[in-house]
Amino acid sequence: MFSFSNGILRIGKEKPGLDFFIDTGFFLLLCSQFATPSVGEGVNYFYYFAFFLFVGLTVVKLMLLFKSKGSFIVPSFTLWFGGFTLLSFASSLWADYPANCMLVMSKMLQSTVITFCMAQNYATRMGLLKCVRMFSWGGVYALAFIMIKTPFDTWFSGGFGFTATALNPNTIGMIFTICVLVSFYFAFYCKEKKYYIFTLLQMFMVILTGSRKSLISSVVGLTVMILMKSQRRNLIFRIIMVLVFVIVLFYLIMSVPELYAAIGVRIESMLNHVFSDGGDYSMSLRQSFIEHAKDMFFEKPLFGYGINNFIVKIGQRIGVSTYAHNNYYEILADLGIVGFVAFYGYYFYLAISLLKIWRKSSGSLVKLMLVWVAVIMVCEYGLVSYYQVYIHMTLCCAYLFICAYNNEDDFRETTPSYFKYKNGVYE
């Protein structure tokens, strides 16, 4: 390690502590969530290595903490999602197909464990900032991995990333939407210029996936983040800047042949569907799934058909076994109003808590957290994500921000200078 102060250059080697290896495990865990090939439960060795490294070292840290203090904290995020997981497991008692309930239990339990460990390591101001930064770098890793693994002649054919990861392009698009927002946060709010490059590259990835909801969410999220920073004297300038950005992006997508092939044709189809009732087969089919989910909810409104049973029931009704393409109605169909309140009640707790902080604070990080939660809630209208680990890792950051907001005991001499800005990270 090198340091220079008072005209003296110090050269030394600092031994990495336990936290360094925990952070390494967490970063590898993000990388495995963002871009590791989806090769089936139990054989994704990179993911399980990262999982056991991060969780195992956190357990060691907790044991040492318990030995010295005699206690440790169980965060409310764990109580919430752990409780929802138990409700989902219990639904196998009344489900028509109990075996299907078990298919999502592993991922839900992993989400519970991972977010519990995140809370033990990153519930401080500096800890959370480090955690959030790793989302951006995880996106850089995913970008490089997918580009290297995907033949160039298929880059602009739509569904970019599926060949490399076997993940649904909408999932890949959602992952990069999360990364775009955090990269832009560090570039725009924290004035770290290299993150503008990350933002542009990750936005390019969103376009190549062909995911309309991800593209719209990214553009709207970036717009909101720009306008939330604005002071009244330059609000009009920022609005004009946003409008120019949207117009230029739309023009490029619709006029550059490669971009049009990747996503422009799908945007055009969506606009025809919205404004002239044109035949967008994908959107019509998704709406049909949602209508069936509504019917199933009204058939069993209290507890539903059991977690992950929609996929079987819809197959019996229309001959296509698929999810509802809507997290809200999927949960209503599977777990009824009880499961819906249990799941989304915590979302509203996060949103209301963040709004209260935003109203009384000039800090910038709360704006990213608000946009993250809002984007996830909007995208879940076209995405089933209640068992997706990366979604709960992102939501957990919003919870950790609420925990860290009133914690002023973790400042160090290495605190970044932008903590001291008028519109700094927390204050």
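This is a predicted model: local features need pLDDT of at least 70, side-chain atom pairs count only at pLDDT 80 or more; totals for chains, interfaces and linings use all residues.
Residues are numbered from 1 along each chain as its sequence is written, and side-chain values use heavy atoms, with hydrogens and water left out.

**Exercise 1.** Find serine 183 and work out whether serine 183 is buried or exposed.

*Solution.* Start with helix H8, residues 169–188, where serine 183 sits; helices here are DSSP runs (H or I, at least four residues), numbered from the N terminus. Next, check the cover: buried means under 20% relative accessible area, exposed over 50%, and partly exposed in between (1.4 Å probe, protein chains only). Serine 183 has 0% relative accessibility, so it counts as buried. Finally, look for a partner: its side chain makes a polar contact with the side chain of glutamine 202, at 2.8 Å. Such a contact is a pair of N or O atoms within 3.5 Å; within protein, one must be able to donate a hydrogen and the other to accept it, and residues adjacent in sequence count only if both atoms are side-chain atoms.

**Exercise 2.** Which residues have the most contacts inside the largest nonpolar core?

*Solution.* First, the rule: a nonpolar core is a set of buried Ala, Val, Leu, Ile, Met, Phe, Trp, Tyr and Cys residues joined through side-chain atoms within 4.5 Å. The largest one has 122 residues, and Met118 and Phe135 have the most contacts inside it. Apart from that core lies another, of eight residues, among them Phe289 and Tyr305.

**Exercise 3.** Which parts of the chain does the salt bridge between lysine 130 and aspartate 23 tie together?

*Solution.* Begin with the distance: the two side chains meet at 2.9 Å, N to O. A salt bridge needs a side-chain nitrogen of Lys or Arg within 4 Å of a carboxyl oxygen of Asp or Glu. Now place the ends: lysine 130 lies in helix H6 (residues 125–149) and aspartate 23 in helix H1 (residues 18–35), so the pair ties together parts that are 107 residues apart in sequence. Lysine 130 is partly exposed, at 36%, while aspartate 23 counts as buried, at 14%.

**Exercise 4.** Where does glutamate 192 lie, and where is arginine 133?

*Solution.* Their side chains meet in a salt bridge of 2.9 Å, N to O. Glutamate 192 is in the loop between H8 and helix H9 (194–209), and arginine 133 is in helix H6, 59 residues apart. Both glutamate 192 and arginine 133 are buried.

How values were computed
Helices (H or I, at least four residues) and strands (E, at least two) are DSSP runs, numbered from the N terminus.
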